[in-house]
Number of protein chains: 2
Amino acid sequence: MIRKKRLLFLAALASFAVMASSAWGQGTPQSEPNLDLMPWPAHIHVETGSYPLDRNFSISVIGHPSQRLYDGATRLLRHLEDRTGFSFDQHAVTQDNRDPHAALVIRVGRPGQVKPGEDESYTLRVRSDGAVLTATDGIGALRGMQTFRQLVQADGAGFHLPDVEIKDHPRFEWRGLMIDVARHFEPVPVIERNLRGMAAVKMNVLHLHLSDNQGFRVQSHVFPKLTELGSRGEYYTQRQVRAIIQYADDRGITVVPEFDVPAHAVSWFVGYPQYASAPGPYALRSQFGGSNPAFDPSNPATYQFLGAFFKEMAGLFPGPYIHIGGDENIGTQWDSNPYIQAYMQPTIKNNSELQAQFTNKLSAMITADGKHAIGWDEILQPGVSEDAVIQVWRGKEDLYKAAREGHPAVLSSGYYLDMLHPTAVYYANDPIPDDVHLARKVRANILGGEAAMWSELVDPTTIDSRIWPSTAAIAERLWSPADVKDVASMYRRLYVLNLQLEGEGLTQIKNQTMLLRQLAGSYDIDPLKVLVNVIAPVQGYARLSTLLRTGHYTIYSPLTSIADAATSDPWTAIRFQGWVKQFSRHPDPELEHKIRGQLNVWQQNSAALNDLMSRSPRLQSVQPLAHSLAALSQIGLHALDYYDEVGRPPYDWVRNTTTAFVDARRTVAQVNLRVVDPIEQLVVLAEEKADHVGKQTTKVAPVGSRAAASGVAQ
Amino acid sequence: MIRKKRLLFLAALASFAVMASSAWGQGTPQSEPNLDLMPWPAHIHVETGSYPLDRNFSISVIGHPSQRLYDGATRLLRHLEDRTGFSFDQHAVTQDNRDPHAALVIRVGRPGQVKPGEDESYTLRVRSDGAVLTATDGIGALRGMQTFRQLVQADGAGFHLPDVEIKDHPRFEWRGLMIDVARHFEPVPVIERNLRGMAAVKMNVLHLHLSDNQGFRVQSHVFPKLTELGSRGEYYTQRQVRAIIQYADDRGITVVPEFDVPAHAVSWFVGYPQYASAPGPYALRSQFGGSNPAFDPSNPATYQFLGAFFKEMAGLFPGPYIHIGGDENIGTQWDSNPYIQAYMQPTIKNNSELQAQFTNKLSAMITADGKHAIGWDEILQPGVSEDAVIQVWRGKEDLYKAAREGHPAVLSSGYYLDMLHPTAVYYANDPIPDDVHLARKVRANILGGEAAMWSELVDPTTIDSRIWPSTAAIAERLWSPADVKDVASMYRRLYVLNLQLEGEGLTQIKNQTMLLRQLAGSYDIDPLKVLVNVIAPVQGYARLSTLLRTGHYTIYSPLTSIADAATSDPWTAIRFQGWVKQFSRHPDPELEHKIRGQLNVWQQNSAALNDLMSRSPRLQSVQPLAHSLAALSQIGLHALDYYDEVGRPPYDWVRNTTTAFVDARRTVAQVNLRVVDPIEQLVVLAEEKADHVGKQTTKVAPVGSRAAASGVAQ
């Protein structure tokens, strides 16, 4: 359990900072209830009192809404019924429900359009007699209904919402999530539940990476061989695409389709090899990496083909953007094709210029189809039309470069979810941090950011656990004021939000325990969960590199190991780190008691964990981590003993712990222990305290101390 | 944890019984490994030794298979990769894989057809150097591959299969599951995962109840208003239907579509009121029960309409059966329609005869479409054609009546999953028990049975937990020899199978914990799980009746209560019952130690559980059960104290326990405590022991006893 008191205090500080930065905020944050809002609103004012949510709850909509808003309000009814167990008398919100005294009155000026840049602001006022949600347009009202959901609290007395006044609007207009459905396909229900998650945290752009060397994922009526030959049968029909778009639109989310050209294009060439830069035949890749065939930019037929294809897709996808990829074209095929080399003479100097010409031709076609082109930052070449939106993945400097050159730009660098960083890392990644100074016009070109879920190492069972809850923190970074950045407050609210996301049907919690049961071959996975709650999958691309080196990692390979079950935010480790950090600043017996309690839990878990692991062929590789956790928790307990006795830890003991810490930092089975630093810090604290008091080195463990009693090797 | 030793012993007994009944069985069952097969095979012979499953595993298919079998073998590869973590070099099984030395060689004589009655027999021989699966046709080979999966075992040394020889075939040719997708719609992925579960236990008929008063669930091109107006948008497109059929066919499962007529028909009449027996308009029901409008059997247009509709469906569904419902036609509309009354003059005496005529007309049309009609047992009326298959739901006597009258018949009476009986109850329900004597020809008419999942009280989140694992025991009843009926063995294997089913993607385990987290609003649900593991939802239709009486239970009502999270086989209660039962026969200190241990767990859990419940508005209604569990565990501990001290429990104490037992038997929040009987039995045991020894009533608790120490009220 996150320690409520301290974190509530920090949350209050965080919200105080928000309110202090706002002329509007007049609240008394110190008395604020434990609000679990994420993203944190721009302005919030909490009062005493609350609205009790009971079986008589009802919603009415007043003003000029669209069906989208009625449907959203009806979903809110259903959600509240599922959560509270009430069966409301109102089954649906329709234009017949215009009672100005309904429990929740939604006032909206116009339907609104689903696209980045639409007015998403809203105000929400909750009083003891009901709530009023006001928005310029229906999109803002959808956002406000999500805030309403998050305000609902439960205690022994029932369900209620605190009296509150919220004025809210997003900081950035583009708050996206990219899902790569090409490398591992993700069926429609996976997309739908992730759309529900996005809606819960007010995101507004779903970017689908729909083609790559491993598969082409959208049916084309004009070029049917794209999926007939290039998908292994795993693709969205046009009807399914329309269903996804509708599902997203219902939630105020734009779908941006990406068809990656000129490279990452093998799946196009399986059916249509004539447009590649080298002769076919081409076979769909089942492995990752390797060569990267590309479209032939010198062949006029290539543009006829792509023009017809993108025209079809412009009709299928109603949103304003079409993504043309453009990344990682290594140019090998271009270099070795004599026709392309001849075509480049004499004006095109290199492959970059050749790709710029290709991009411009494509971009012009997409503009002619009434859409904006967007591409990865490789398309940012001299001469590329200002219209083209640049999605930056290689570094933030490219974001500012693109913006300065007049391009709208979206940041994905630092938001790569497949890197499996702790959420705090993504959270800290501000598109425009305080120390970056941009002209107003340049700043206006920075539309926002996008979390990116590349899918070499995820499948429908695990993908939610890589996207969530981290993406919620990215959503807050992009929605909330820049000074909402307290990490402890973020983690406190993320922990609560994670359960809310599970209520939306996301699987990141329940599939972890499922995977652990399957790995252990047992229902009784409590000892294993103790370990999993302090480990995380290795960050970056180390795991993928290792797998690729084995030579037999393919799209068919199982993703059912401990590294797939582990997540990048192991809650126990996060909490423990927080305790030690706080203890190092303000030593406090109660805190020490908690730290000791946790260390003892790890110690006492060791036997059951080893027993479980010894019976499971797949868990045996993880045993070194279990041993490290047991060893480290013993070291931590000793360190606290020395600390308490104000005895300097003996030199030999400290030296021996070093070996244990080195062992514990090793990557084992593609996971890492996440409690090494704080336990090492306990040793340092014991040493520092002795320094401070000026004590001599203790040669032996204090007699009768817990260290001696637990029999550590000196 | 199920006590492995005892149950292994019982399993050995069970399999001994099987083998003893077979001339073929020559095994040494006492030395048999812990086999977790379900359904239990007809003949099994286990030897020492095992085949080690490693990364070099491969499959080849020899003989005359169809693509279905190659696909099934490829799925087996994937499954074994997911389970073991290996990436095999073989990515798919194709006709190129004909290596007679592959790890698993599948020999098959012909492709086989997916339909009840096809030869499903197979033999499977596993030796230390590999396995050979032999089947007359591909359907039998699919069944044998499921046995292969279940033979895979894991221990510290790795994965292996025991050396074994299995000759297997089903007892009944119709082993079905009916899912009502009309009252609550179940999207395609729900159907697909349940098909995977069915395949795992060798079931072969999926019966979909596709229309009822609450919705029409299949798109018709001929009569599009059926779903346009009668489905609330929740239906299968014809493409989705074909996908479901293909998915089922891949697994050797026939899909039987049911379109219920003449009653349960409101969803037809929303779009086509002209065929009803009373004027429209009709609105889709959102509630359950009530009046039951019916087709007009006197109107020739009715038969044109239904004829055209069933012809379309006969083309869409390739299987040999079409289900026409026929149940619960109360005839109110017929009675009050003067045209129908006139039509009946002078030859049709009553509504039963009228329905028989209706059934015969329909049945003839379906026969003309090349299909067999099947209907609920109400269609069994004098004059109904012998062709019509009778699905019996009202009582087993109807099964024999139908069979004696020459109808093929399928048993669903006793297999109603929505009754939420303990699995043991379904398991005991043999279509032809030992004491029923039928002529060979009559017996041959009994095709088998079908589990029936009516959906008034299930939704996609909870449906798996009502179907599984109970249905696996029904599958065993219908596949395995009649003398495979040891309940303890069944539960031991069911417990293991339940985890296998979770590996197939079924959600009955993980969604329970998800629901509990949502109910508690907390990750920490261990105290709640202790309770949930000893409670079960109330059996029969008491919950539905209660909800209907409230007047606001509809298809929209939430199914997120403790009664939805609880399951009919609470494992801890089943285990505890077994311990007490065994203890009552063979008092044994080790067993008493376990019983006391469990009683102490309940005692010690009480505080944390009460704390959790007091903070959750939705768990407060369950508190009486938590109190009862605490009180009963205290009584149980006292009873054992009296038992140990051979002291007669004082009269007042026994009388007071009676009150506690009465309280504990009350239905609370639509759930029941399932450990009342065994704890009461502990009291009886203490009394009986005192009787036996002839001791006087102990007036006070034995001094210094645990009973006194725990401070019970006397």
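Is A:Asp212 buried or exposed, and at what relative accessibility? At 1% relative accessibility, A:Asp212 counts as buried. Buried is under 20% relative accessible area, exposed over 50%, partly exposed in between, with a 1.4 Å probe and protein chains only.

Some ground rules. This is a predicted model: local features need pLDDT of at least 70, side-chain atom pairs count only at pLDDT 80 or more, and totals for chains, interfaces and linings use all residues. Residues are numbered from 1 along each chain as its sequence is written, chains are lettered from A and ligands numbered from 1 in the order written, and side-chain values use heavy atoms, without hydrogens and water.

Back to A:Asp212. Its salt-bridge partner is A:Arg183, with the closest N and O atoms 3.1 Å apart. A salt bridge here is a side-chain nitrogen of Lys or Arg within 4 Å of a carboxyl oxygen of Asp or Glu. A:Arg183 is buried too, at 9% relative accessible area.

Next pair: A:Asp377 and A:Arg394, 2.6 Å from N to O. A:Asp377 is buried at 3%, whereas A:Arg394 is partly exposed at 47%.

In chain B, B:Arg648 bridges to B:Asp691, again with 2.6 Å from N to O. B:Arg648 is buried at 17%; B:Asp691 is partly exposed at 47%. Over all chains, the structure holds 62 salt bridges.

Now the symmetry. A 180° rotation with 0.0 Å of shift along its axis superposes chain B on chain A, RMSD 0.0 Å. The two copies are thus related as by a two-fold rotation axis. The superposition is by least squares on C-alpha atoms of residues with pLDDT of at least 70 in both copies.
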